[in-house]
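Please look over the model below.

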Amino acid sequence: MNDRPDQSYHKLTPARDNSIKRSSRSGEYLRWRVNVADAYRAAGMVDEGDAFEQCSDPSHFFMLSPGDELPVEAIKVVVCSDHPDHLSKGICPSCQLRTCPDCAHREAARLLARYMPTLQQYFRVPYRPGWKFRSVVFTAGVSLHDGDVRQQVKHLYTSVRKVFENALKSRPQGAVAISDTGILLAHEFGPNGLKLHIHGLYYGPWLDQPVLADLWQRYTGWQVVYISGVGKSKEIDNLEDAVAEVVKYTTKFWKREKSGKVVFVDPKIVPVLHKVIEGTRRVRTWGLFYDIQEVEEKAACPTCGAPLALLSRLEWDAWSQTGFKPDELRAALRGDVLLNSIHGNKSPPWEPDIGIKQGRLL
Ligand SMILES: [Zn+2]
Ligand SMILES: [Zn+2]
């Protein structure tokens, strides 16, 4: 069964959400991944092919309980340094390629987590009276297969900038500088014919759709510009969906036919896409949205606030089986007296917290 495309990627879960669970890739999706890896190699991109094949997601992060055996692909475990039973997250290697649906999904979640707090503030408290968020899509007939597609992408971004600048300058209600508005943009190749379009989230005063469409045609020759409102009872009913729509993917890796059948993009396309997007920025931000930094979250245990530590497979195994943290184990091996053992005088490894262990003897 094909379970991956059945999941809704419309709304993304922020990466910091601890609840990402281990799940299995479907047979069809796995076969597609193997074919993509082969296509990379056939295109002379052997390292990328290997990385793509070895990317062990979807279980990039998964929660572990004491006594759990580490899956073979896990390389490290992130734990609460004080009480590993509070939090233990296995980490598997990932390819980090933007052409990998799993890695792209995680990257999108990170971007969403980065932009949402600032954008939400503007959503709640308008920067200027009447300013609203709108989703704007600029379409173009440029295909991934066009030889000059990288130049075309550049040209389209420059044109989007000119469109907004001019539309804002020529507003009958008064000119506004583009630097006073907020714009978030990303380009995407659609599933049909891999046609390029630019997804934008615009925050500012009202702009007429025909004005944007006319300007778009003037600068690019392409005609279609879609605008949707963002907010309650609008086309896109919440801001998070609108941001996710922009940051989610560089392409859709599959589409669902009317019959319900899921069709993956041709694996041979993937190395082509790779070369086209290589070295390009995933997301562009202008004006109010420029240079929004990630909110640095201190890596701390959500239960007790202790810093998180990184354990090797061996250290995890040792702790998981004996209840000794790495420093305690080292002390024990040296023959030092254990004063601060994690399990104190409880029977090993300790009495588990209620609930999650389901009666299993640890
Ligand atoms: Zn990957
Ligand atoms: Zn803790």
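Which residues of the largest nonpolar core touch the most other members? They are Phe52, Leu112, Phe138, Leu201, Leu212, Val243 and Val247, out of 63 residues in that core. A nonpolar core here is a set of buried Ala, Val, Leu, Ile, Met, Phe, Trp, Tyr and Cys residues joined through C-beta atoms within 7 Å. Buried means that 20 or more other C-beta atoms lie within 10 Å of the residue's own; 12 or fewer is exposed, anything in between is partly exposed, and C-beta atoms are placed from the backbone. Another core, of 11 residues, lies apart from the largest one; Leu64, Val77, Cys80 and Trp316 are among its members.

This is a predicted model: local features need pLDDT of at least 70, side-chain atom pairs count only at pLDDT 80 or more, and totals for chains, interfaces and linings use all residues. Residues are numbered from 1 along each chain as its sequence is written, while chains are lettered from A and ligands numbered from 1 in the order in which they are written.

Val243 touches Leu112, Tyr115, Met116, Leu119 and Leu201, not counting residues up to four places away in sequence. Contact means C-beta atoms, placed from the backbone, within 7 Å. Val243 is one of the buried residues of helix H6. H6 spans residues 239-247 and is mostly covered, with 8 of its 9 residues buried. Helices (H or I, at least four residues) and strands (E, at least two) are DSSP runs, numbered from the N terminus. The buried residues of H6 pack against helix H3 (101-124) and strands S4 (132-143), S5 (182-189) and S6 (195-204).

**Helices H4 and H5**

Two packed helices are described by the angle between their axes and the distance between the axes. H4 (residues 149-169) and H5 (residues 209-220) have axes that come within 9 Å and cross at roughly 140°. Axes are lines fitted to C-alpha atoms, for helices over the stretch in contact, and angles run from 0 to 180 degrees between N-to-C directions. The angle makes H4 oblique to H5. On the scale used, under 35 degrees is roughly parallel, over 145 roughly antiparallel, 65 to 115 roughly perpendicular, and the rest oblique.

H4 contributes Leu156, Ser159, Lys162, Val163, Asn166 and Ala167 to the contact, and H5 contributes Val211, Leu212, Leu215, Trp216, Tyr219 and Thr220.

**Loop positions**

Where does Asp82 sit? Asp82 is in the loop between strand S2 (76-80) and strand S3 (88-91). Cys304 lies in the loop between strand S10 (284-287) and strand S11 (308-312). The C-alpha atoms of Asp82 and Cys304 are 8.2 Å apart, although 222 residues separate them along the chain. Leaving aside neighbours within four places in sequence, Asp82 is in contact with Cys301, Cys304 and Ala306.

Two other loop residues have positive phi without being glycine. Ser233 has a phi of about 55° and is in the loop between strand S7 (225-229) and H6. Asp291 has a phi near 60° and is in the loop between S10 and S11.

| Residue | C-beta neighbours inside 10 Å | Class |
|---|---|---|
| Asp82 | 17 C-beta neighbours | partly exposed |
| Cys304 | 12 C-beta neighbours | exposed |
| Ser233 | 6 C-beta neighbours | exposed |
| Asp291 | 5 C-beta neighbours | exposed |

Technical notes. Two residues are in contact if their C-beta atoms, placed from the backbone, lie within 7 Å.
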